[in-house]
Structures are given as structure tokens and as C-alpha cells.
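The questions below ask about selected side chains and the pairs they form. Each answer ends on the value or name asked for.

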Amino acid sequence: MKRYLRKIPLPQAIEMLTATFSQPSHREVVLAEEANGTILASPVYAKATVPATRIASMDGIAVKYEETLQARDQHPVQLTHAVSISTGQEIPPGYNAVIPSEEIWMGEEDTYQVRRPARMNQNIREPGEEVRQGRLILHPGHRITASDIGALITYGIGEVEVRTLVIGLIPTGDELVPGRDEPKPGQVRESNTAVIASSLIQAGIRPLRFPIVPDDPDQIRAAITTAVHQCDIVIISAGSSGGKRDHTREVIEELGSILFHGVAMRPGKTLLCGKINDKPVIGLPGQPMASLTAWREVVTPLLRSWGFVLKQYPESSARTAEPIPSDGGIDEFIPVSVVRIRGEDFVFPRPRGAAGQMQAVRSNAVLHIPVVKEGYREGAMVTVRLTRQHEDEQGILIAGVSDILTDHLQATFFSGNAHLIIRPLSAIGAAASLCKGTCHGIFLPESAMAPETDVFRLLKSGCPEPLRSIGVGCRDGELILLIYRDSPAGLCEISPLIEFLSSSMWQKSDGYPESVTLKGAGRPGESYIPGPEYAEAQAQDHSEGIQS
């Protein structure tokens, strides 16, 4: 069995990459209208003065302001020399103000009346007010945006010189088939290079995706040789581990040298970096989450050091909803969901592992557990990096049943910016989560709410507020209920889902499997379970009523 050289610390891996490889100096000239997302290689100066002459800044009439000085509401002034003018139109010689259309009235014999005086140069843009020919517009290193393109064209700039970087992406593996093909048993669709290519395009970097290469050292050698000749960086997807079919390292050693093989991080520990012809050749793990993590945490810092702007993940603070353990001695990156419950953000870890891509799909943040930590206790305040989060978006977190019925609800539910997040838990685990206040509600089979069940007893004794239920639908003949706290604070965030379940949009929806029916959907439950605090308050009120 082949082995890694050694697992070096994550900061050391990043430092080795950035210190070893300097930025390529390739440049090319592109049309301004096709430059979105590219990085400027040289300064851009205006080739035109904008506006070129005095122009109107709004629709109205051009006037000589001196003729309006006596205008008042009770004593309008009739203008005989005013000229109709449109926004952007050149001001006629001898005129020195523009009165907007909403401030003029038609007088006798097609003349204009005004009821307030104009100011000198009112609503007039002077030559060069926006920019003058020869002034700096954009500096080197600036990433061109869509709004920049409009300015460039306006200022007479048809072409710009931009930095170019080509990154070759080589997928390897006998089991891989192209993404559009139907895989046979034992085969999987290749997606890792598509993920990386997408992020490169957004950063103005040109990806060059090579065909899938089998686990054959000769074919891998040929592909890497070609890629090194054509590209500035070469990334090999899979084959970086130490198995019998992993040939990336031996090929890189034959053609160049190894910088490191193995990084103390999870997932992504098999990351490999070598150098061929002074170019970085990087072997990423084949498992999707490991590949994504190694790419994000190690490779993108190199590209940022070269001035390319890759997606930055904003940080946010949140509280852990449960203990999140870690072995320590390694930097660990865990996909998590951050959900706001009663005004506070909570972190919920997704299932760990290097393979499952649903972790990335279902999560909206990444939690970094540093090498010096052995995890976080429940209730700890942590910092997460948001991978997808909109400030106006509200997640409604429901714990418990997760199946084809709840999938159909997720696909159908629509209420402004609210969206449904389902956290699979056992019935007792979901009940405990509702009692602790770490979810908005829970999905349970109706049978779990029978008075003799442990779930019912836990909710009755452990939940500090009364509870209500509403029918969701039937799965295999059994009604699934949504249980939620019946209090103003509890209803505030979950009310869009309750209203949706009661609507015809849900009750008349279709497209669900045969084992699912919407019988009982939207039916208010009869269960009303007072929590201990509520019961004590009721007893106190009753006692005070007797005494009075």
C-alpha cells in the first residue's frame, strides 16, 4: 500500500503554495462588452469627455432664468422664448436653465407659464461633469462588473487588456462517465471538475476541462503532459490517495517533484501538490465533499494571492444546537445549516463524510473546527462562513419525519422569502428538539401522539408552552402531523407554513407518489398539551380567582 509523505498543517500547505508559485504574466485584449468578470491587466483611461456639451438632465423647457425671476404661485410668468427639451439634449445657445415638465403650465397661444423662479444652470449638466477625456476610469487588478461595461462603452473604450489564467481540469477514474451519460452499475457521473470550472468562470479564469482519463499511469502521464503545456495550473481530480489505482503522485514525481502529499484537514486530507515546469500540479481527492473542501481551503488562497477574486463567504455568529465533536489535531470543515429560531441563529451540523453531495446542497454554511479544538459543546457561540444565505430569507426548520410526503411539501411550499428545512430525527429526538426550542416544529406520525407514548409524555412534561397540531397528509395510510408551539413567539416564524397547509394550494396539489395522499391535510389537531409552566400559571390564576 502506498503512503502519504506526511500530513502537513493546513496553514503550511497554503504558505508553501503561495510562496512557491508566482503569478503568471499572461495578458490578452478582449472586447469591453465581453469582459464581465475578467481582471484588468492595465489601467483604463477615458477616451471621451462625458457629457461632451451642456445637456439637459431632465425633460422640460430650456429657459433664460432671468425671465423667470418674478414668477410666483399667485403671479405666474408667461414665457415666450422657452424651448421644449428632452433629457440628454444639448442646451441651445443663450439658454441657462431647464424647468422640468411637472413645473410648467400651458399658457395662451402655445406659450408656457411658470410659477416659481428658475436658478442659474438649473438641471443642466456641464461638459465633463461625469468624466473628462484622459482621466483614470479603472485601475489594474480591478474585476470588471456588468455596470463597468456600460461605463467603458459610454466613455469610448471598446477593448481592455485583462489578465489571463488557464486552469486545466483532468478527471481520472475507471468508474467515471460524463455527466450526461447514464451510469451503469459501479459507475458514477463525473461532477467534480464541473463544480471547479463553474467557480473559475465566475472569477474570470478560463477552465480547460479534459476528457475522463482511466486509472492508467501512461494515459494519466499523457494527459498531465498536455495540460502542463497548455495551462498555468493543472488540477487532477481523484487518484491522490494511496491505493493501487491511484497513480497521480507517481506520475507527478516522474515529470517533476512533490511539494507535499497529505494535509491535516478533514475532509480533503489526501490533497497532493507537485511542480512540473515551474507550474503547480494539484491532485484533489475524488470524493465530492473532500474535493470541494480541498479546493476551497487550499487552492483558492493561491488564486486570491494572484489577484483573482473568487467567491468570498461572509462570516456570521450562531449558537450550536447540539454538541459538535471533533478529534482534535486536525482542521475540520463541517457543512452546517444556520437557522433563525425566535430571533437567535442556531447551527445544526449536517451528516459528515467526504462523499455525499447532499451535504453541500442542504447546508448553507461551513463550520471550521480549528486544529486546537476538540469540537464545541451545545450552546457554544461559533463563527460560520455562509455559503448561501440571503438576509431577507427565513428558513423554517422542522424536525422529525423526512420522506416522500415531506419532500413533496418542500417542493410545493411557497411563501415569500420563507423556505422549508427538514431535519431528519427520530420521534423522541424531534420531541426533545421542540422542547429545547431548537426547531420551529416537528413532523410526527399521528400514532406517536397517543397519550401512552414516550413522545407524548416528553412533550407534555418538557415543553414550556402549549402545543397544537395540524394535518400534513397521509403516508402509507397514516396521518403525519405538524406539531408546533401555540404561543405568539412560536407562531411568528412558523405561521407561513401553517397557513400553507390550510390552503387549497397544498390540499389540491398533485405530483406526489401513490403511497401519499393529502387526506387530513390542513385539519387542525385536537391535541392541546399544556406545558408545566402553562399549567402552573393556569393553577395560579384559578387560585387567585377563588381568593377574590
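Predicted model: local features only at pLDDT ≥ 70, side-chain atom pairs only at ≥ 80, totals over all residues.

Residues are numbered from 1 along each chain as its sequence is written, and side-chain values use heavy atoms, with hydrogens and water left out.

Q: How many salt bridges does a search of the whole structure find?
A: A salt bridge is a side-chain nitrogen of Lys or Arg within 4 Å of a carboxyl oxygen of Asp or Glu. The search of the whole structure gives 23.

Q: Which strand holds the salt-bridge partner of Arg27?
A: Arg27 and Glu161 meet through their side chains in a salt bridge, at 3.4 Å from N to O. Helices (H or I, at least four residues) and strands (E, at least two) are DSSP runs, numbered from the N terminus. Arg27 is in strand β1 (residues 27-31), and 134 residues separate it from Glu161, which is in strand β12 (residues 159-163).

Q: How many residues apart in sequence are the parts that Glu28 and Arg206 tie together?
A: The closest N and O atoms of the Glu28 and Arg206 salt bridge are 2.9 Å apart. Glu28 belongs to strand β1 and Arg206 to strand β16 (residues 206-209), so the parts tied together have a sequence separation of 178 residues.

Q: Is Arg206 buried, partly exposed or exposed?
A: Buried means under 20% relative accessible area, exposed over 50%, and partly exposed in between (1.4 Å probe, protein chains only). Arg206 has a relative accessible area of 44%, so it is partly exposed.

Q: Which helix contains Glu254?
A: Glu254 forms a salt bridge with Arg221, with 2.8 Å between the closest N and O atoms. Arg221 lies in helix α4 (residues 217-230), while Glu254, 33 residues apart from it, lies in helix α5 (residues 248-255).

Q: Why is the pair of Phe413 and Phe500 edge-to-face?
A: Rings of Phe, Tyr and Trp (its six-membered ring) pair if their centres lie within 6.5 Å; planes under 30 degrees apart count as stacked, over 60 as edge-to-face and the rest as tilted. By this rule there are two aromatic pairs. The ring centres of Phe413 and Phe500 are 5.3 Å apart, and the pair is edge-to-face because the planes are at 80°.

Q: Which residues form one aromatic cluster?
A: Phe500 and Trp506 have ring centres 6.1 Å apart and planes at 45°, so this pair is tilted. Phe413 is buried at 8% relative accessibility, Phe500 at 5% and Trp506 at 0%. The cluster consists of Phe413, Phe500 and Trp506.

Q: What is the distance from the charged end of Arg115 to the centre of the Trp105 ring?
A: A charge sits over a ring if NZ of Lys or CZ of Arg is within 6 Å of the ring centre and within 35 degrees of the ring normal. Lys64 lies over the face of Tyr95, 5.8 Å from the ring centre. For Arg115 over the ring of Trp105, the distance is 4.4 Å.

Q: What is the relative accessible area of Ile334?
A: Ile334 is in strand β24 (residues 331-341). Leaving out residues up to four places away in sequence, Ile334 touches residues including Ile324, Pro349 and Leu367, where contact means heavy atoms within 4.5 Å. Ile334 is buried, and its relative accessible area is 0%.
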